[in-house]
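Reader: Hey, can you walk me through this model? I'd like to ask things as they come up.
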Amino acid sequence: MISPRSSEIAVSPLIQSETLELLEWPRLCEHLATFAATKLGAIAARQIHIPTSLAETEQLLTQTKEVYYLETALTTSLSFEGIHDIGDSLERAQLHGILSCVELLAIATTLAGMRNLRRMIDSQPSIPVLKELVEDLRTYPELEQEIHHCIDERAEVADRASPELGAIRGQLKQVRDRIYQTLQQIMQRQTPSAIQQQLITQRSDRFVIPVKAPQKDSIPGIVHDSSTTGATLYIEPNAIVEMNNRLRVLLRQEKAEEEAILRALTEKVAAVNEDLERLLAIATTLDLATARARYSYWLKANPPRFINRSAADLITLRQLRHPLLIWQHHHATCSTWGDPKTAVAHEQGPAVVPIDLMISPHIRVVAITGPNTGGKTVTLKTLGLAALMAKIGLFIPAREPVELPWFDEVLADIGDEQSLEQSLSTFSGHIRRITRILAAMSQESLVLLDEVGAGTDPSEGSALAIALLQHLADYAGLTVATTHYGELKALKYQDERFENAAVEFDDVSISPTYRLLWGIPGRSNALTIASRLGLSSEIIEVAKTHVAPSGGAEINQVIAGLESQRRQQETKAKEAAVLLAQAEKLNQEVSRAARSLEEREQLLRQQQEQTLLNELAQAKAEIAQVIRRLQEGNQTGQDAQEATKALNEISEQYLPSRQVKAKPKPGYQPKVGDRIRIPKLGQTAEVLEVSLADQELIVRFGIMKMTVALTDIESLNGEKVEPPPVKNFEPKILKGAKVTVPAATASGSSSVPTIRTSRNTVDLRGRRVADAEMELTQAIAAQVPVGGALWIIHGKGTGKLREGVHQILDQSPQIKNYELAKDKDGGSGVTIAYLK
């Protein structure tokens, strides 16, 4: 055999265009064009160029990835506002034509739009390819400013465009004003019976007034027009003839000056024509990259990675979906057509069934068998479109990872090639197209053949198909063919480069599932499908009697058994996957709960510690005041000892780290079957196995089993297996402090040191008993959560307020007892009340 490329045969453009039509590539390009932001991008998408080198494809794919990053990862997206298709204008400027005001404004806004686009790209990180694309872009701000200076927002030449134009328009205004003034005077002098309407109008660019036909002699002048009835004549009075002549001269001068200005601007555009054409090309490239990224995002597609099959890389296309079927499904479920991004859900359309393509590197030919209408042809088109989409830099609608070779050519023979004009039968049409494929293919080509060898005698057709596929295995990169010939199913067992695949058929519903099964051949199920499509059952039964008595029936039974086993295994695998997912979810929930409990416990400890430290700091501040008072009087060693003792008592009382923790009950020995508690997880569990040697046990809670240490569990009554180590804390002593601590009364005052602070002191001096009662009641209620003692300052005076305070304390259920303070703390002017 001779390799098709060994004789340097050029790739046939005919087979390329035929393949694109057969794969419905133009439809996909139309879909891509709807995501373009400019007219230029839409045109480029419809006429998209398919790269001829891997390097070009990689460049396009990187552009798509970077725009995709901008569109999804960031809040910024590329804006093409103001960018127009100025290609025709640039061509006319190059040919020395004069551009209109509208065209010049379009050029100016395009320059501004491209400048903003470049600024947006330059401000973003991680997009080196796009930055390199716009790096040398020239947007000529001076040209843009000149255009806006000469042309106003109404797309007319502005008065400021040149001094000459400004002077001419000034004269025009003066002449028009004089004409209007003169005509107004004429109409005012005339009787109402002469003037048809108080109106100044124009005929042939000359100002006239409407005059009734019988009164035409009352206003001498030139008749320029009459009404359809002849009742009104439009007369230019002789008084303004010269002014109208002057006006026309000025209008011609204005037009000439405007053309001069537009010609000058056009020449400036032509001078930078090459840079502007490059700017237009960059704008088109960016818009096309944006369309590819947005279309890929809409398809929920993933970027492909090109592999080298000679390096033993596997073709991986999991959950691959046909892009045109996705579009069709979307529009079947939407009530608005056009832009898919703005469509509104309406009703459920037919779901797109994905396929899995996992092709080993040594496989060169895949033979797909199965029933008609089962999805074999759709599989070929899906693979062909995926290869072409990858070549132009589009993402592939498949699950990651998406890995496939870069095919230099995608060549297909799909459908019926019958032609009455060329006197071609179906078989002849297929052979003609296959001949063109053989001439165009290479070792890096993808060949797609539908119903290979069909349309002729089955024995000769199958022999031809076998020879053709063996040839393609030698000289093509990858061939995927559909067939009904049983002989092709056996090639897998004769040549390791061949693989079988089948479209699944559901025997229960008697319909295809459109799923692709690998490793086993399919059944045609022609009689079953004919019956489902409505063919008479009598004809079906007669047909069954004419089926050739061969091993085919037994083979079909074996295939059916294999398909049934495969479905059972897939069902079990799905059930196992669901159980595994549930177990993983439960494990995550338990872990999260444990972490949450630990974090909450730690936070509570910190909050309690901080609260007590704040109270201690407040107490120390009060003590410092006492010390200062003591220092003002007689200082004794006993006072210092009492102050130190008070600080130690406060530390022991309020700091958790100084408190002696209650020891758990020791001596618990867990046994198999016991219910125990795991404090760290906040869970109860059942003991399955105890290992005293390893100091651990296996427990179960819910559907989960886990191994825990003996030290991490306790009985439901709180008994520990062994007591945890007790951590000692050495308190700090505040040296040199002096404080007076009131002794407990014989009546049973609280053992808590009665340290006076601003928080446990209420000053009632100057109050009446009635007013003091409300304030004291509020103070007692505020002190109840804290406990301890409440210092009440009532003063000495006549003693009535003190008596009233004591009566209130006697009646309060929150007060345990009370006493007067020592002389140095206020004596009979202060009462200390102890709360229950």
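Reader: How do E16 and E17 pair, parallel or antiparallel?
Author: Antiparallel: strand E16 (residues 683-691) and strand E17 (residues 696-701) are joined by five bridges. Strands here are DSSP runs (E, at least two residues), helices are too (H or I, at least four), and both are numbered from the N terminus. Two strands pair if DSSP finds at least two bridges between them.

Reader: And what's the bridge partner of Glu 686?
Author: Arg 700, in E17.

Reader: Which sheet are they in, and what's the strand order?
Author: An open sheet of five strands, running E18-E17-E16-E15-E19 with antiparallel pairing. Strand E18 (704-709) and strand E19 (714-715) are the edges; each has a single partner strand, so one side of each has no neighbour in the sheet.

Reader: Before I go on, what am I looking at?
Author: A predicted model, where local features need pLDDT of at least 70 and side-chain atom pairs count only at pLDDT 80 or more, while totals for chains, interfaces and linings use all residues. Residues are numbered from 1 along each chain as its sequence is written, and side-chain values use heavy atoms, with hydrogens and water left out.

Reader: What's the mean pLDDT?
Author: It's 81, with 80% of residues at 70 or more; pLDDT is the predictor's confidence in each residue, from 0 to 100.

Reader: OK, switching to cavities. How many of 30 Å³ or more?
Author: One in the whole structure. A cavity is a set of points on a 1 Å grid over the protein atoms alone where a 1.4 Å probe fits but cannot get out, and lining residues have an atom within 4 Å of a point. The volume is the space filled by probe spheres set on the points, which are joined across faces, edges and corners.

Reader: Which residues line the largest cavity?
Author: Leu 357, Ile 359, Val 366, Ile 368, Thr 379, Leu 383, Val 480 and Trp 518. Strand E7 (355-359), strand E8 (365-369) and helix H13 (376-391) each supply at least two lining residues.

Reader: Last one: how many helices and strands overall?
Author: 22 helices and 23 strands.

Terms used:
1 Å grid on protein atoms, 1.4 Å probe; cavity = no way out; pocket = protein on both sides within 12 Å on 5 of 7 lines; lining within 4 Å.
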